[in-house]
Amino acid sequence: NKSAGATLNNEPSLSNIIVMAVFLVQKNMFRRFSTLLQGNRLFSRTPTTSEDELVLVDHQEEITLIGINRPEKRNCVNTPTAEALLKAFKNFNEDPSSKVAVLYGVGGNFCAGFDLGQVASSTELPPSIAAFESGPMGPSRYMSHKPVIAAVEGFAVAGGLELALWCDMRVVEDTALMGVYCRRFGVPLIDGGTVRLPAIVGFGRAMDMILTGRAVSGKEAFEWGLSNRIVACGTAIGQAVNLAGCLLKFPQECMRADRQSAYYATYSASSLQDALRFEHENGLPIIQKESVVGANRFVDGIGRHGKFNIDPIKNKL
């Protein structure tokens, strides 16, 4: 008995060929859609890429999205990826049309640290690790003058945790795991982990993470202040973009000046008076640029009763 789906010479019928073609098209479309879902790619614009797509760069209006694109390695960073990340953030800083950046990982993980395969295969330390000028993870020793938000899903461990700490804010999914996993293999924190973690969560909690290397859940990270927002699984990038959008409506020079003063007070000030003096001198130029205009808008009734539905304030010419 010949099957109904084949001709007498066992070749597929025309109808079967058509069905198969439709199936393959649908399968390919599903694969592409699945890839977008895995990376939480929420934007229709074609991303620009650098260094053979190790890092993806998208622009959504005034927000720049920078994605680590090594999902097969849980976005572990090797030297070429670190260089591409640093380049992407330098370009973001120099782009006057972009005001906030979101850092994320493609494929469901933020970043699982530095690629230990590169370390294991080297007879001597790679220059990116041995030299101080640039951090092994890329931008960890680079000071961005614009806000950067980390969208954390999956693993953000070892050097990946340090990248998240480098960002100004962290939007963390409830299923994410953050930790000093490199503790198990004798790999030290050399991308700012021992500097930024105590400043963010306090010395005692930092010691818990640094000494034990244990995993910290999204819930615990939020309770500690390691996470600024806790969100549902699969929503970190979208929520980080929404948060970035909230920052766009504020007077930008004032926001950046206050951000810089906070960094100086936390990491650079030699005393309380030094921090207060820097804050004063750093803030004075903003008054004529943005504060006078803002004060007049308030007098006119905008922003009363704590409302935040305000338009961006343009610099006074």
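Axes here are lines fitted to C-alpha atoms, for helices over the stretch in contact, and angles between N-to-C directions run from 0 to 180 degrees. On that basis, helix 10 (residues 252-268) and helix 11 (residues 272-299) pack at an angle of about 175°, with axes 9 Å apart. The model is predicted, so local features need pLDDT of at least 70 and side-chain atom pairs count only at pLDDT 80 or more, while totals for chains, interfaces and linings use all residues. Residues are numbered from 1 along each chain as its sequence is written, and side-chain values use heavy atoms, with hydrogens and water left out.

**Overall make-up**

- The protein has 11 helices and 10 strands; helices (H or I, at least four residues) and strands (E, at least two) are DSSP runs numbered from the N terminus.
- Of the 317 residues, 42% count as buried, meaning under 20% relative accessible area with a 1.4 Å probe and protein chains only.
- Among contacts (heavy atoms within 4.5 Å) between residues at least 6 apart in sequence, 66% join residues at least 24 apart.

**Helix 10 and helix 11**

- The two helices are therefore roughly antiparallel to each other, a term for angles over 145 degrees.
- Helix 10 contributes Q252, E253, C254, A257, Q260, S261, Y264, A265 and S268 to the contact, and helix 11 contributes D274, A275, F278, E279, N282, I286, K289 and E290.
- By class, this contact has 7 nonpolar, 5 polar and 5 charged residues; Ala, Val, Leu, Ile, Met, Phe, Trp, Tyr, Cys and Pro count as nonpolar, Asp, Glu, Lys and Arg as charged, and the others, Gly among them, as polar.

**Helix 5 and helix 6**

- The axes of helix 5 (residues 159-166) and helix 6 (residues 193-201) come within 9 Å and cross at roughly 55°.
- E162, L165 and W166 of helix 5 meet G193, R196, L197 and I200 of helix 6.
- The contact of helix 5 with helix 6 has 4 nonpolar, 1 polar and 2 charged residues.

- Leaving aside residues up to four places away in sequence, L103 touches residues including I66, L85, F89, F110, V148 and C167.

Terms used:
Buried means under 20% relative accessible area, exposed over 50%, partly exposed in between (1.4 Å probe, protein chains only). Angles under 35 degrees count as roughly parallel, over 145 as roughly antiparallel, 65 to 115 as roughly perpendicular and the rest as oblique.
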